[in-house]
Amino acid sequence: MSASNSIASGQLPQNSGVLGGGRMGAGIAHALLISGSTVVVVERDEASAQAAYERVSESVDKSIARAVVSESKDQLMQRFSVSTDYAQFATAQLVIEAVPEIWELKVSSLQAVEKVLDPNAVLASNTSSLSVSGLAKELVRPGKFLGLHFFNPVPASTLIEVVIGEQTDENLVEASRGWVQALGKTAVVVNDAPGFASSRLGVAIALEAMRMVEEGVASAEDIDNAMVLGYKHPTGPLKTTDIVGLDVRLGIAEYLHETLGDRFAPPQILKDMVAQGKLGRKSGQGFYSW
């Protein structure tokens, strides 16, 4: 199926790519892979590429153990590869960028991918807060670009936020709904705005929870339990912050503070913890010990 036909049909592309094989990128690659796509992950160096391969391999093992896939490990991994060469994206009908939330890095990465893509292929960003319309202005084909914001951990999450930029082709909206459905997830479609819907609301709650800890209102555990037991959140805002990464949350808060005003000013406790290397689960210590 050509890239243009894949877009029109809304079927999951046969060939997909992911730029960046960290926790999020590997999760996205895993979701595409077990849903039937052939997937390549491109990383910055061989060590990072091998680490991405191992992450996806472990996720495939877990999917097989849970009996959520019908293919064998060998069958699945035959459709998966890693590389350090952007040219491997040349046959992809969809490439999803999943590099860190740094504007300059996002722009340079997206531009490098776009140079090797088929003209009809779609390029997407997994950004959780940066302007999709702003990123699109740095590209040659802004109409073929949109946001596909996956949630951590990708295998367990059932949500993908589809972010429509000012220049995104209209046919990509319905096509992306089809892709999300094929991945076994639910699409929430939003127009591009700072923080979209999920990050804007999620960060607002998390920042207030941090201020409450800072002011000695209650412990992190009790604040989280109030939201889990009282509002039926699956995890509280502070444990979620640990899972996402305090550095990631700080970056989003700083961007929202800049674009939306003082209500998103990051609390001192968040800035101090990041400076101390307390980044949450990935560092072993955040609002909780991991």
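I take buried as under 20% relative accessible area, exposed as over 50% and partly exposed as in between, with a 1.4 Å probe and protein chains only. Strands here are DSSP runs of E with at least two residues, helices are runs of H or I with at least four residues, and both are numbered from the N terminus. In a regular strand the side chains alternate between the two faces of the sheet.

Before going on I noted the source: this is a predicted model, in which local features need pLDDT of at least 70 and side-chain atom pairs count only at pLDDT 80 or more, while totals for chains, interfaces and linings use all residues. Residues are numbered from 1 along each chain as its sequence is written, and side-chain values use heavy atoms, with hydrogens and water left out.

I then looked up the partners of β5, counting two strands as paired if DSSP finds at least two bridges between them. Strand β4 (residues 94-97) pairs with β5 in the parallel sense over 4 bridges, and L94 stands opposite V122 in β5. The chain crosses from β4 through helix α5 (residues 103-116) to β5, and this β-α-β crossover is right-handed, meaning that, with the strands pointing away from the viewer, the path from the first strand over the helix to the second runs clockwise. β5 also pairs in the parallel sense with strand β6 (residues 145-150), over 3 bridges, and here A124 stands opposite L146 in β6.

**Entry 2, the whole sheet.** In what order do the strands of the open sheet lie? I read the order of the 8 strands as β3-β2-β1-β4-β5-β6-β7-β8, with mixed pairing. β3 (80-83) and β8 (186-191) stand at the edges with a single partner strand each, so one side of each is left without a neighbour in the sheet. The twist averages 25° from one strand to the next; for such angles, axes are lines fitted to C-alpha atoms, for helices over the stretch in contact, and the angles run from 0 to 180 degrees between N-to-C directions.

Strand β1 (residues 15-19) and strand β2 (residues 38-42) pair in the parallel sense over 5 bridges, with N15 opposite T38 in β2. α5 touches β1, β4, β5 and β6, and its direction makes about 165° with that of β5. Helix α7 (residues 171-182) touches β4, β5, β6, β7 (159-164) and β8, and its direction makes about 30° with that of β6.

I found β7 mostly covered, with 5 of its 6 residues buried. Do β6 and β7 pair in the parallel or the antiparallel sense? The pairing of β6 and β7 is antiparallel, over 4 bridges, and the bridge partner of F150 in β7 is I160. β7 and β8, by contrast, run parallel and are joined by 6 bridges, with V163 opposite V190 in β8. The chain crosses from β7 through α7 to β8, again in a right-handed β-α-β crossover.

I compared the span of helix α2 (residues 23-34) with expectation: at 1.5 Å a residue its 12 residues should span 16 Å, and its end C-alpha atoms are 17 Å apart, which agrees. The expected span is 1.5 Å times one less than the number of residues. α2 is mostly covered, with 10 of its 12 residues buried, among them M24, I28, H30 and L33. After α2 comes G36, whose phi is positive, near 115°.

The axes of helix α9 (residues 220-231) and helix α10 (residues 237-244) come within 7 Å and cross at roughly 105°. That makes α9 roughly perpendicular to α10, on a scale where angles under 35 degrees count as roughly parallel, over 145 as roughly antiparallel, 65 to 115 as roughly perpendicular and the rest as oblique. A220, I223, D224 and M227 of α9 make the contact with P237, L238 and K239 of α10.

Definitions and conventions
Contact means heavy atoms within 4.5 Å.
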